[in-house]
Amino acid sequence: MKKLLLGDQAIAQGALDAGLSGVYAYPGTPSTEITEYIQEWCKHHPTSSVHNRWCTNEKTAMEAALGMSYAGKRALVCMKHVGMNVCADAFVNSAVTGVNGGVIVLAADDPSMHSSQNEQDSRFYGKFALIPILEPSNQQECYDMMAYGFDLSERLHLPVLMRIVTRLAHSRAVVQISETARPENPLSDPADPAGWVLLPARARRKYNELIAAQPLLQESSANSPFNKVLNDPKDFKDLKDSKAVIATGIGYNYLMENYPDGAPFPVLKLSQYPLPQQVVTDLAAQYKELLVIEDGQPFIEEQLIGVLPSANVIHGRLDGTLPRAGELNPDNVKQALGLPSAQAFTSCDTVVGRPPALCQGCGHRSVYEALNKVLANYPGSHVFGDIGCYTLGALPPYQALHSCVDMGASITMAKGAADAGIFPAIAVIGDSTFTHSGMTGLLDAVNENSPITVVISDNLTTGMTGGQDSAGTNKFEAICRGLGVADEHLKVVVPLPANMDEITRILREEIEYKGVSVIIPRRECIQTFARHAREKKKGL
Amino acid sequence: MKTDIILAGVGGQGILSIATIIGQAALDQGLYIKQAEVHGMSQRGGDVQSNLRISSDPIFSDLIPLGGADVIIAMEPMEALRYQPYLSKEGWVITATSPFVNIPNYPDVEAVNASLAKLPKVVRIDIEALAKANKMPKAANMILLGAAADALGMDFDLLKAAVRTVFAAKGDAIVEMNLRALEIGRENKG
């Protein structure tokens, strides 16, 4: 059967067809559509018991997936690249415990930062954790690699990291999918129960086992159906100036875009790691010059420098043949290959930037309007922001934020700034971000009675990624009280222009209070509000 | 055959629906397709585009190279110009004429039109006025697609069949309205 699928959707369908028992994820561009696809699929297959609810953050997702694996079943964990930082503790240690049921950790990287605050390359995490990494080059491989990845994970008893990039996650192509799905695994006990208790003595044993398994990982990469040498190097022996190209993931597509009838040099297409050292060394022995085309950071390029003799000349992102930052595209690869551009028209001078903006009627707008009004009287004020739609408050017309670093950092940075003497120190955080990583920081502030004002701008959803359920909905007052925020400094307002006087009065009062205050402006996201109205009309 | 199309607009204008119809028509012919979309933060009123590639041969890159687009279809005139470095020498630009002004520094409309006039093959169509006059405010994007049909080199009946397939679940009235929108676009492209 053929289906037109996004890379994300091909992954989801591939996982379902490979006997998945649960997906665990926190929404994050460009990974969100994987879990959404599985949720939609489950709605249409009401007898399915595949777990598909959103998790509070990537760490809880990774750990729950590990629990499902412990019980013998297959689990998929999905996140955007920075989610890897959040779940890193669980992720790295899952390589030490190993897995029982297959685990695939899907990291969707965002080179060029289309919707992110950095462009870290998740493949480094896989190498760091000493586990296999898969990097599909197209939507079909996204699908095919799920069954392959779960088998690999169960054969090696290790989690497998699968790394994609925005342009694959959010691009559609026709994918050949199976007519039948594999059954889920039955419940089973882990083969080595003691190895799941990472006390130092046992952890040392497990870590040594992990290191001892590395030749198996090498062998798997060398024999992987997704790694291949195209154009037998023997055919090019007479070409004096020929070089060889190593193209990874979707880098391979940009290469072949320039040579639709076949490249005039040998190509090593890489989609599984660890780097198959023998394959690469053999190629390098015949070709002094190697061009590495990889989307993201110079992961392979740096390893080659460490592996190959100094006689080899390696071109890529480190020597400037390809740009050091930003995503690959057909044009920068074309340039790296020494081919002329086909550009016919230059950029048009008339065009100006059109940055994204908060929606008209969005509740966050009233929050920033109120903040700006009140803080005009506090020249020393600083507002620490967080990750979400409301980060757009940093741009005109509000320009109301002074920082945006990582999930939850608004509260803890406001606390640190208050410790240092900044007054007033204000945090603005969304509802979903607060439960993701803000709660623990609020406890720190409460324990020291830090003079900060925390605004939890609650739109009842995870807005920026398209309106997914937010883990804390209807629980925020209880959570704050439970963490020790005093009742009289826990205020709820409705962020509407009509309530501006009330909101600004409360803000002023709470800024003047020399302890922890939490103000919760609460009004549903207008996007989800419109969607819910449509669904109601349709009688859903 | 190979057709590379850039769909351009502002978040929320419905360029992905146009892509879905063209994609469906291509699928019905058994062609290869790649369609890269923008999701996430830029959908909040920022500029959005989709790269749609259709070919009788396998397609490698999800993105269209500079100078490679056979057609730019834009729901907004300045957004059409944004992608002119991607337009091929002989490429068509099919654009709506009404500016979508949600930024303080939107350029002078005359300057936008003058820039469009510098490109060799441009179809400008006031889809908003046509949609309003024909009482189909939600089908402006299908009017634009109708105006692009010739430039796409696609059989008009195939596009119509794709509209029927894609809108089928929304009922006959919606299907008929969108079919009429396609016709209106084709007839009014000047």
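Predicted model: local features only at pLDDT ≥ 70, side-chain atom pairs only at ≥ 80, totals over all residues.

Analyst: A term to start with: contact means heavy atoms within 4.5 Å. Residues are numbered from 1 along each chain as its sequence is written, chains are lettered from A and ligands numbered from 1 in the order in which they are written, and side-chain values use heavy atoms, with hydrogens and water left out.

User: OK, which residues does A:Gln468 touch?

Analyst: Leaving out residues up to four places away in sequence, A:Gln468 touches A:Pro27, A:Thr32, A:Glu36, A:Trp54, A:Thr461 and A:Thr462. With A:Glu36 there is also a side chain to side chain polar contact, at 2.6 Å. A polar contact is a pair of N or O atoms within 3.5 Å; within protein, one must be able to donate a hydrogen and the other to accept it, and residues adjacent in sequence count only if both atoms are side-chain atoms.

User: Where is A:Gln468 found, and is A:Gln468 buried or exposed?

Analyst: A:Gln468 is in the loop between strand S16 (452-457) and helix H18 (476-483) of chain A. Helices (H or I, at least four residues) and strands (E, at least two) are DSSP runs, numbered from the N terminus. A:Gln468 has a relative accessible area of 3%, so A:Gln468 is buried. The cut-offs: buried is under 20% relative accessible area, exposed over 50%, partly exposed in between (1.4 Å probe, protein chains only).

User: New topic. How many aromatic pairs over all chains?

Analyst: Ten, from a search of the whole structure. One of them is A:Tyr70 with A:Trp196: the ring centres are 4.9 Å apart and the planes are at 90°, so this pair is edge-to-face. The rule: rings of Phe, Tyr and Trp (its six-membered ring) pair if their centres lie within 6.5 Å; planes under 30 degrees apart count as stacked, over 60 as edge-to-face and the rest as tilted.

User: Where do A:Tyr70 and A:Trp196 lie?

Analyst: A:Tyr70 is in helix H3 (residues 58-70) of chain A, and A:Trp196 is in the loop between strand S7 (171-176) and helix H9 (200-212) of chain A, so the pair ties together parts 126 residues apart in sequence. A:Tyr70 is partly exposed, at 37% relative accessibility. A:Trp196 is buried, at 18%.

User: What about A:Tyr368 and A:Tyr398?

Analyst: That pair is tilted, with 5.9 Å centre to centre and 35° between the planes. A:Tyr368 is in helix H15 (residues 363-375) of chain A, while A:Tyr398 is in the loop between strand S14 (382-384) and helix H16 (409-420) of chain A, 30 residues apart. Both A:Tyr368 and A:Tyr398 are buried. Elsewhere, ring pairs join A:Phe124, A:Tyr273 and A:Phe299 into a cluster.

User: Now the interface. How many residues of chain A and chain B are in contact?

Analyst: 48 residues of chain A contact 47 residues of chain B. The area buried between chain A and chain B is about 3900 Å², and carbon and sulfur atoms give 58% of that. Buried area is the accessible area (1.4 Å probe) that two parts lose on being put together, summed over both.

User: How many salt bridges across the interface of chain A and chain B?

Analyst: The rule finds four. A salt bridge is a side-chain nitrogen of Lys or Arg within 4 Å of a carboxyl oxygen of Asp or Glu. A:Arg172 and B:Glu37 meet in a salt bridge, at 2.6 Å from N to O. Between chain A and chain B, 18 residue pairs are in polar contact, both residues at pLDDT 80 or more.

User: Which helix gives the most to the side of chain A that touches chain B?

Analyst: H11(A), with five residues.

User: And how many salt bridges over all chains?

Analyst: 39. A:Lys491 bridges A:Glu510, with the closest N and O atoms 2.7 Å apart. A:Lys491 is in strand S17 (residues 490-493) of chain A and A:Glu510 in helix H19 (residues 500-512) of chain A, 19 residues apart. A:Lys491 is partly exposed, with 21% relative accessible area. A:Glu510 is buried, with 2%.

User: What does B:Arg82 meet in a salt bridge?

Analyst: B:Glu79, at 2.7 Å from N to O. Both lie in helix H2 of chain B, three residues apart, about one turn of the helix. B:Arg82 and B:Glu79 are buried. B:Arg82 also forms a salt bridge with B:Asp47, at 3.9 Å between the closest N and O atoms.
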